[in-house]
Amino acid sequence: MATQLIALTCAVGEGSEVTASLGGELDFYTSTQVGPRLMEIARSWGPELTLDLSGLTFCDSSGIDLLLRIHRSCAVRGTRLTLAGVPRPVAGPMRVLGADRVLLPSAG
């Protein structure tokens, strides 16, 4: 029996707003699983993308790197990226790596 470590759901709201929600663990292994799909979403939709991270229970430096790559991809395309529901297991590593200043500008 396989264990699901990461879940990704995506919803399109009125207008062009897209919300992608992650649940589970975002680490080296799972970021390679969801990374291509998240990057595709970041490149395909605009002008607003919200990543709901409230379902994450763990995040390592690979997960933070993925979030930074998504941020850069959105910035290049003029898409506004918002991170919502950032839990402590994600906010802590972001702070340690200094990524909170880029990903959570209101917290920096």
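Reader: Where is the place of Trp45?
Author: In this predicted model, Trp45 sits in the loop between H1 and S3.

Reader: Why does Trp45 count as partly exposed?
Author: Its relative accessibility is 37%. Buried means under 20% and exposed means over 50%, so Trp45, at 37%, counts as partly exposed.

Reader: Which residues does Trp45 touch, not counting residues up to four places away in sequence?
Author: Val12, Val18 and Thr79. Contact here means heavy atoms within 4.5 Å.

Reader: What makes the span of H1 close to the expected one?
Author: H1, residues 28-44, has 17 residues and reaches 24 Å from its first C-alpha to its last. The expected span is 1.5 Å times one less than the number of residues, and for H1 that is 24 Å.

Reader: Where in H1 does a kink lie?
Author: At Val34, shortly before the proline Pro36, with an angle of about 40°. Val34 is also one of the buried residues of H1, and these pack against strands S1, S2 and S3 and helix H2.

Reader: How do you know that Asp27 caps the N-terminal end of H1?
Author: A side-chain oxygen of Asp27 lies 3.2 Å from the backbone nitrogen of Tyr29.

Reader: Which residues have the most contacts inside the largest nonpolar core?
Author: Leu51, Leu53, Ile70 and Met94, in a core of 27 residues. S2, H1, S3, H2, S4 and H3 each supply at least two residues of this core. Leu53 touches Met94, and its other contacts include Leu22, Leu67 and Val90.

Technical notes. Residues are numbered from 1 along each chain as its sequence is written. This is a predicted model: local features need pLDDT of at least 70, side-chain atom pairs count only at pLDDT 80 or more; totals for chains, interfaces and linings use all residues. Side-chain values use heavy atoms; hydrogens and water are left out. Helices (H or I, at least four residues) and strands (E, at least two) are DSSP runs, numbered from the N terminus. The bend at a residue is the angle between axes fitted to the seven residues ending there and the seven starting there. Buried means under 20% relative accessible area, exposed over 50%, partly exposed in between (1.4 Å probe, protein chains only). A polar contact is a pair of N or O atoms within 3.5 Å; within protein, one must be able to donate a hydrogen and the other to accept it, and residues adjacent in sequence count only if both atoms are side-chain atoms. A nonpolar core is a set of buried Ala, Val, Leu, Ile, Met, Phe, Trp, Tyr and Cys residues joined through side-chain atoms within 4.5 Å.
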